[in-house]
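This report considers confidence in the model and then the surroundings of one residue. Please consult the sequence and structure shown here.

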Amino acid sequence: MAMMKLSLFLFFFLIFYIAADTIEITVNQYTGLKRREIRGIENKFYQFQFCACPKKLTDRLVANNLQKCDCSGFERGKQLRESIGIAKLSNSVISKIANFDEETSRLLVKVLAGDRTLTWPDFQTIPMSNSKSEVLLTTLPNSKMRLAYTTNSIQKSTPGDNIPVMTNEKPKLSKLSTFFKTFRKSGAKKEEEPKQKYEVKAAPTPVTTFSSSLEINPEIRRLSNMNAVKSYLFSRSRVDKNEPVSYDVQSLKNMIVSYHNIYRSKHSALALSVDPVLESRGKRWADELAYHKGCLIHEQPRVYGENLFFFGARHLPNPKTLAQAVTQSFYLEGIGYNYSNWRPFSYFKTGHFTQLVWKKSTRIGVGISIVKANTVRSPCMSTSSNNMYLIWVVVKYDPAGNFESKNEYLDNVRPMTSSF
């Protein structure tokens with residue numbers, strides 16, 4: 001009898017303990033087909049299907065063994081004609097798959113262009129990641145497609161999940177706890193359960209760096225083109241003489257965020273919160289620009305919104321001056337901006353400004369790289385001395401702005417409501 005009870009206990013334990021997650025997959029961005037490749041099907045839509053399949057199935061075997069997989073339905077992306085180049089999704093494509101066990105399953109994706117399967121093989125493995133990821137899919141005809149996405153576990157059935165953290169009510173027993181209780185009643189000696197205290201725990205909130213008391217320098221606000229910005233910084237660097245090797249980078253980053261939020265507040269946009277992931281991505285790309293990529297080149301594929309700034313001198317102005325100048329260099333593209341009209345591809349002339357004040361952007365990360373000029377060969381500088389230092393500033397925004405849609409621009413780029 002004891003062995004039977006033990007066997008029964010182990011049986012139920014395995015049933016309740018070995019449980020799978022429900023995962024949520026969000027598609028944020030993808031590269032579309034070229035115009036010549038979509039003739040006749042321009043009004044069709046991209047479609048995405050995700051499947052959780054046994055790891056033993058290779059990508060080429062999945063299509064013929066879908067009965068062994070758990071698959072989502074087909075989720076619709078943008079029209080093919082709206083996805084030429086890079087398609088950014090303001091309303092992200094979201095799919096859910098139940099019963100995903102990362103130990104035994106892997107995640108795959110299938111992409112269709114209209115009724116035609118675009119990926120080859122049909123299903124291709126993509127890695128699980130809680131942060132934004134990018135994957136290169138093989139497509140027909142003999143091409144590649146970049147897919148930017150996130151995966152998130154939204155349900156996990158394991159012991160202890162039902163323990164409350166924000167209530168003083170008596171907790172409900174989980175199925176496993178009920179089994180333990182029943183098992184004890186049936187013959188095992190009942191032990192007194194320890195009393196538990198339940199405390200209210202507040203969820204962590206993003207850090208918002210915003211100093212409303214930070215002064216606006218009217219001289220910098222009057223700078224109306226990049227040459228004026230650079231000339232002003234040159235003159236201030238000779239006065240302030242901040243040494244680049246010991247520069248207060250953290251203060252510069254904080255003040256760039258603060259000035260961003262001051263400028264945004266003039267256009268009915270809420271303050272941005274600092275995101276450590278965006279900071280890391282910004283720093284990584286700033287280093288890439290300094291040591292490998294050259295001058296001001298945007299990161300591809302553009303998963304996040306991005307503004308870039310470059311300056312070179314023997315010394316640097318103080319962080320406060322440089323931070324407002326960086327922000328003003330983005331903002332000055334809005335001089336004469338027509339808030340009631342929109343023209344396609346206008347971001348080539350006004351994109352830094354519109355991203356700066358884009359209402360739907362809520363998070364920001366600033367990356368900075370400072371290098372000595374004689375250690376790199378940068379096309380940003382035609383000539384440089386051995387004593388000159390170069391600084392790259394990369395600002396990342398999420399969600400990204402500058403969606404090529406009239407309604408998006410009219411909703412997110414609002415006229416100034418108050419003066420500086």
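## Confidence along the chain

The average pLDDT of the chain is 79, and 76% of the residues score at least 70.

Residues 8–19 have pLDDT under 50, with 13 contacts (heavy atoms within 4.5 Å) beyond four places in sequence. Residues 156–206 are also below 50, and this stretch has 42 contacts in the model beyond near neighbours in sequence. Where pLDDT is low, the predicted coordinates should not be read in detail.

Arg-363 lies in strand β13 (residues 363–372). Because its relative accessibility is 28%, Arg-363 counts as partly exposed, the class between buried (under 20% relative accessible area) and exposed (over 50%), with a 1.4 Å probe and protein chains only.

Leaving aside residues up to four places away in sequence, Arg-363 touches Leu-272, Ser-273, Asp-275, Leu-278, Lys-396, Tyr-397, Asp-398 and Pro-399. The C-alpha atoms of Arg-363 and Pro-399 are 7.2 Å apart, although the two are separated by 36 residues in sequence.

## Basis of the values

Residues are numbered from 1 along each chain as its sequence is written. Local features need pLDDT of at least 70 and side-chain atom pairs 80 or more, while totals for chains, interfaces and linings use all residues; side-chain values use heavy atoms, without hydrogens and water.

Definitions and conventions
pLDDT is the predictor's confidence in each residue, from 0 to 100. Helices (H or I, at least four residues) and strands (E, at least two) are DSSP runs, numbered from the N terminus.
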